[in-house]
Amino acid sequence: MSDAHVLVLNASYEPLQRVSMRHAIKMLVREVAVIEEAAVGTFGPFPVPKVLRLVRYVVTRWMHRRSNLCTKSAIKARDKMCAYCGGKAETVDHVIPRSRGGALTWENAVAACVRCNHRKADRTPAEAGMTLLVVPRQPQYEVPA
């Protein structure tokens, strides 16, 4: 039972997350949640919870907000594949090399595999004889209502 997970609903019955049984029992002890649905059996004085509902509403705008920061992990998430060969995105390549003033920006960085990144080295794609399969640009995220 210790590896079981419990669904946590907001006070408005919207699903928020899954938590461990241990975390769920702590929420019940602190009285920040109530049991909406229970499984067979008990856990101390409490029925074994399957679904909890928070007593107070929690604002969840943070769950849907995407950061606009340009990071290496964000570049790899945006491109999902090597911008030169279409292989696995393992690293990030600067289209205009950093040694020539190229910065880590949405328009100057692409995901790349290690092989293509080493092949391009400290050159522009044109100088290395390589073609970009994608046009690097800042992603546009939809803002939820």
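This report walks through selected helices, strands, cores and loops of one predicted model.

## Helix α1 and its cover

Helix α1 spans residues 21–29. Its buried residues are M21, A24, I25, M27 and L28.

Several strands cover the buried residues of α1. They include β1 (5–9), β2 (15–20), β3 (33–43) and β4. Just after the helix, E31 takes a positive phi of about 60°.

## The largest nonpolar core

Nonpolar side chains in soluble globular proteins tend to be buried together. Here the largest nonpolar core has 13 residues. Those with the most contacts inside this core are V6, V19, M27, L52 and L54. β1, β2, α1 and β4 each supply at least two of its residues. Helix α1 gives the most, with five.

Not counting residues up to four places away, L54 touches V8, L9, N10, A11, L16, M27, V32 and A33. Another core lies apart from the largest one. That other core has ten residues, among them C82, C113, C116 and M130.

## V51 in strand β4

Strand β4 covers residues 46–54, and V51 sits in it. Is V51 buried or exposed? V51 counts as buried, because its relative accessibility is 13% and the cut-off for burial is under 20%.

Which residues does V51 contact, leaving aside neighbours within four places in sequence? They are V6, L7, L9, V34, I35, E36 and E37. One of these, E36, is 15 residues from V51 along the chain. The C-alpha atoms of V51 and E36 are separated by 5.4 Å.

## Helix α3 and D79

Helix α3 runs over residues 72–79. Its buried residues are A74, I75, R78 and D79. Viewed down the axis of α3, they fall within an arc of 125°, so they line one face of the helix. The cover over these buried residues includes β5 (91–94) and β6 (109–112). Just after α3, K80 takes a positive phi of about 65°.

D79 is part of α3. D79 counts as buried because its relative accessibility is 13%. The side chain of D79 makes a polar contact with the side chain of R78, at 2.6 Å. D79 also touches A109, V110 and A111, with residues up to four places away in sequence not counted.

## Strands β5 and β6

How do β5 and β6 run, parallel or antiparallel? They run antiparallel, and four bridges join them. T91 stands opposite A112 in β6.

The side chains of β6 point two ways. A109 and A111 point one way from the strand. V110 and A112 point the other way. All of these residues are buried.

## Loop residues

Most residues other than glycine have a negative phi. Y13 has a phi near 75°, a positive value. Y13 lies in the loop between β1 and β2. With 46% relative accessibility, Y13 counts as partly exposed.

A121 also has a positive phi, near 55°. Its place is in the loop between α4 and α5. A121 is partly exposed, with a relative accessible area of 42%.

T124 lies in the loop between α4 (114–120) and α5 (125–128). T124 counts as buried, because its relative accessibility is 19% and the cut-off is under 20%. Leaving aside neighbours within four places in sequence, T124 is in contact with V95, P97 and R100.

Definitions and conventions:
Residues numbered from 1 in each chain as written. Predicted model: local features only at pLDDT ≥ 70, side-chain atom pairs only at ≥ 80, totals over all residues. Heavy atoms only, no water. Buried < 20%, exposed > 50% of the residue type's maximum accessible area, 1.4 Å probe, protein only. Contact = heavy atoms within 4.5 Å. Arc of directions from axis to C-beta. Polar contact = N/O pair within 3.5 Å; in protein donor to acceptor, adjacent residues only side chain to side chain. Core = buried A, V, L, I, M, F, W, Y, C linked by side-chain atoms within 4.5 Å. Pairing = 2+ DSSP bridges.
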